[in-house]
Amino acid sequence: MLVAFAEDHFGLTRLVGRCIASNAASARVMEKAGFTLEGRQIKHVQRDGRYEDMLLFGRCSSARGEA
């Protein structure tokens, strides 16, 4: 619902999201919301004294911005 609201009310054509690579549940939530895995940010965040990768997801609205 939040994705649709952002696209409809703010005219956004692209949304992005990130999650820690080891968090498979969060990655699945992104995919279920229509986001596509676009890349991995290696050792992007320090957590509990160690570095972890982040997954980068993106979603583009097909209704706007296309010719």
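F5 has a relative accessibility of 37% and therefore counts as partly exposed; buried means under 20% relative accessible area, exposed over 50%, and partly exposed in between, with a 1.4 Å probe and protein chains only. The model is predicted, so local features need pLDDT of at least 70 and side-chain atom pairs count only at pLDDT 80 or more, while totals for chains, interfaces and linings use all residues. Residues are numbered from 1 along each chain as its sequence is written, and side-chain values use heavy atoms, with hydrogens and water left out.

**Overall form**

- The chain contains 2 helices and 3 strands, where helices (H or I, at least four residues) and strands (E, at least two) are DSSP runs numbered from the N terminus.
- Read from the N terminus, the order of these elements is α-β-α-β-β.
- The chain is more spread out than a compact globule, because its radius of gyration is 14 Å, well over the 11 Å that the globule rule gives for 67 residues. The radius is taken over C-alpha atoms, and the rule is 2.2 Å times the number of residues to the power 0.38.
- Along the principal axes, the C-alpha atoms fill a box of roughly 45 × 25 × 15 Å.
- Of the 67 residues in the chain, 25% are buried.

**F5 and its aromatic partner**

- F5 belongs to helix α1, which covers residues 2–10.
- The whole structure has 1 aromatic pair. The pair is edge-to-face because the ring centres of F5 and F10 are 5.7 Å apart and the ring planes stand at 80°.
- Rings of Phe, Tyr and Trp (its six-membered ring) pair if their centres lie within 6.5 Å; planes under 30 degrees apart count as stacked, over 60 as edge-to-face and the rest as tilted.
- F10 counts as exposed because its relative accessibility is 59%.

**Nonpolar surface patch**

- L2, F5, F10 and L12 together form a nonpolar patch on the surface, with about 430 Å² of accessible area, computed by the Shrake-Rupley method with a 1.4 Å probe and, for residues, only the protein chains shown as cover.

**Cysteines**

- The structure has 0 disulfides, a disulfide being a pair of cysteine sulfur atoms within 2.5 Å.
- C19 is in no disulfide, and the nearest cysteine sulfur, that of C60, is 18 Å away.
- C19 is buried because its relative accessible area is 6%, whereas C60 has a relative accessibility of 54% and so counts as exposed.

How values were computed. Patch = residues over 30% accessible without salt bridge, like charges linked within 9 Å, V, L, I, M, F, W, Y side chains within 5 Å. Salt bridge = Lys/Arg side-chain N within 4 Å of Asp/Glu carboxyl O.
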